Amino acid sequence: MLGPADVRELAAALGVRPTKQRGQNFVIDANTVRRIVRTADVRPEDVVVEVGPGLGSLTLALLEAADRVTAVEIDEVLAAALPATVAARLPERAERFALVHQDALRVTELPGPPPTALVANLPYNVAVPVLLHMLETFPSIERTLVMVQSEVADRLAAAPGSKVYGVPSVKANWYAEVKRAGAIGRSVFWPAPNVDSGLVSLVRRESPPVTTATRKQVFAVVDAAFAQRRKTLRAALAGWAGSAAAAEEALRAAGVSPQARGEALTVEEFARIAEARG
């Protein structure tokens, strides 16, 4: 495990200064790292993909618990250093580790067996797009545990009717059962962020909502509904449907009130609207 001194020492040796631009905040508390692995329910047979491993605190803990770990890192210096850190600290597991030096938003394939779990301290500035991209691209991921900004965690896990229910909530729910899995204090990071953090657990649905509409079509309705979230769906979906009257027709066919707002709808109802429009 990497403690606070190890993390700072490694960073100094590499000349690394965490950047806001890449949303870098490194976990320096070994107990937090163990808690993440435990909460993620990482199993000995798991193939884990980690996004944004940084200096490797979580990577080492995952390697101890899982069968294999593949880390996706965009930062050139960090990507170059991580295999050496693994080899020095967990030599007996080094052959079970793979590194992909790439932007996680552009990753379309990973080396080795398909991943069964995603566990990550996600860069906060791109957390939701990265999460949704990984869930879409790697359907073999059954369980996910991500650490994100607290308010993003609230949004992802929000239920219909909640004030913070929105696009991330609906889209994450297309893929998985989503829930908050704990809070993380600021002091476990270096540098300490000026926001609180939260853990979000996502367990993949056996199948997405049953619909003849494609995921893309359903997500287009979701985007339109929340682009003007204060408006009724009849008005908010007018652009998407071609007119307010056409939007109303699709809504009625889907069994949804034209006076409802997007924040009241389940992912299944969005799917029915997309399907009604054809």
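Student: How many bridges join β2 to strand β3, and in which sense do they run?

Tutor: Note that the model is a predicted one. Five bridges join β2 to β3 (residues 68-73), and the two strands run parallel.

Student: What is the strand order in the open sheet of seven strands?

Tutor: The order is β4-β3-β2-β5-β6-β9-β7, and the pairing is mixed. β4 (97-101) and β7 (176-184) stand at the edges; each has a single partner strand, so one side of each has no neighbour in the sheet.

Student: By how much are neighbouring strands of this sheet turned against each other on average?

Tutor: By 20°, with direction ignored.

Student: Back to β2. How many of its residues are buried?

Tutor: Five of its five residues are buried. Val 47, Val 49 and Val 51 are on one side, Val 48 and Glu 50 are on the other, and both faces are covered.

Student: And how many of the residues in β5 are buried?

Tutor: In β5, five of five residues are buried. Ala 117, Val 119 and Asn 121 lie on one side, with Leu 118 and Ala 120 on the other, and both faces are covered.

Student: In what sense do β2 and β5 pair?

Tutor: They pair in the parallel sense, over two bridges. Val 49 has Leu 118 in β5 as its bridge partner.

Student: What about β5 and β6, how many bridges there?

Tutor: Five bridges join β5 to β6, and these strands run parallel. Leu 118 stands opposite Thr 144 in β6.

Student: Next one along: are β6 and β9 parallel or antiparallel?

Tutor: Antiparallel: β6 (residues 143-149) and β9 (residues 197-204) pair over seven bridges. Val 148 has Gly 198 in β9 as its bridge partner.

Student: Which strands does helix α5 lie across?

Tutor: Helix α5 (residues 127-137) lies across β2, β5, β6 and β9, and runs at about 170° to β6.

Student: Different topic. Where is Asp 46, and is it buried or exposed?

Tutor: Asp 46 lies in the loop between α2 (30-39) and β2. Its relative accessibility is 2%, so it counts as buried.

Student: What does the side chain of Asp 46 make a polar contact of 2.7 Å with?

Tutor: With the side chain of Arg 143.

Student: Which residues does Asp 46 touch, not counting residues up to four places away in sequence?

Tutor: Asp 41, Ala 66, Asp 67, Arg 68, Thr 116, Ala 117 and Arg 143.

Student: Asp 41 is on that list. What is its phi?

Tutor: Asp 41 has a positive phi of about 55°, although it is not a glycine. Most residues other than glycine have a negative phi. Asp 41 is in the loop between α2 and β2, and it is partly exposed, at a relative accessible area of 36%.

Student: Now the helices. At what angle do α8 and α12 pack?

Tutor: Helix α8 (residues 215-227) and helix α12 (residues 267-277) pack at about 110°, and their axes are 8 Å apart. That angle makes α8 roughly perpendicular to α12.

Student: Which residues meet there?

Tutor: Gln 217, Val 218, Val 221, Val 222, Ala 225 and Phe 226 in α8 meet Phe 270, Ala 271, Ile 273 and Ala 274 in α12. The residues of this contact divide into nine nonpolar, one polar and no charged.

Student: How many residues of α7 are buried, and what covers them?

Tutor: Seven of the nine residues of α7 (residues 167-175) are buried. They are Pro 168, Ser 169, Val 170, Lys 171, Ala 172, Trp 174 and Tyr 175. What covers them includes α5, α6 (150-157), β7, β9, α8 and α12.

Student: Last one. Where is Leu 78 found, and how far apart are the C-alpha atoms of Leu 78 and Leu 14?

Tutor: Leu 78 is in helix α4 (residues 76-89), and counts as buried at 1% relative accessibility. The two C-alpha atoms are separated by 8.1 Å, while the residues are 64 residues apart along the chain.

Key. Residues numbered from 1 in each chain as written. Predicted model: local features only at pLDDT ≥ 70, side-chain atom pairs only at ≥ 80, totals over all residues. Heavy atoms only, no water. Pairing = 2+ DSSP bridges. Helix = DSSP H or I, 4+ residues; strand = E, 2+ residues; numbered from the N terminus. Axes fitted to C-alpha atoms, helices over the stretch in contact; angles between N-to-C directions. Contact = heavy atoms within 4.5 Å. Parallel < 35°, antiparallel > 145°, perpendicular 65-115°, else oblique. Nonpolar A, V, L, I, M, F, W, Y, C, P; charged D, E, K, R; others polar. Buried < 20%, exposed > 50% of the residue type's maximum accessible area, 1.4 Å probe, protein only. Polar contact = N/O pair within 3.5 Å; in protein donor to acceptor, adjacent residues only side chain to side chain.
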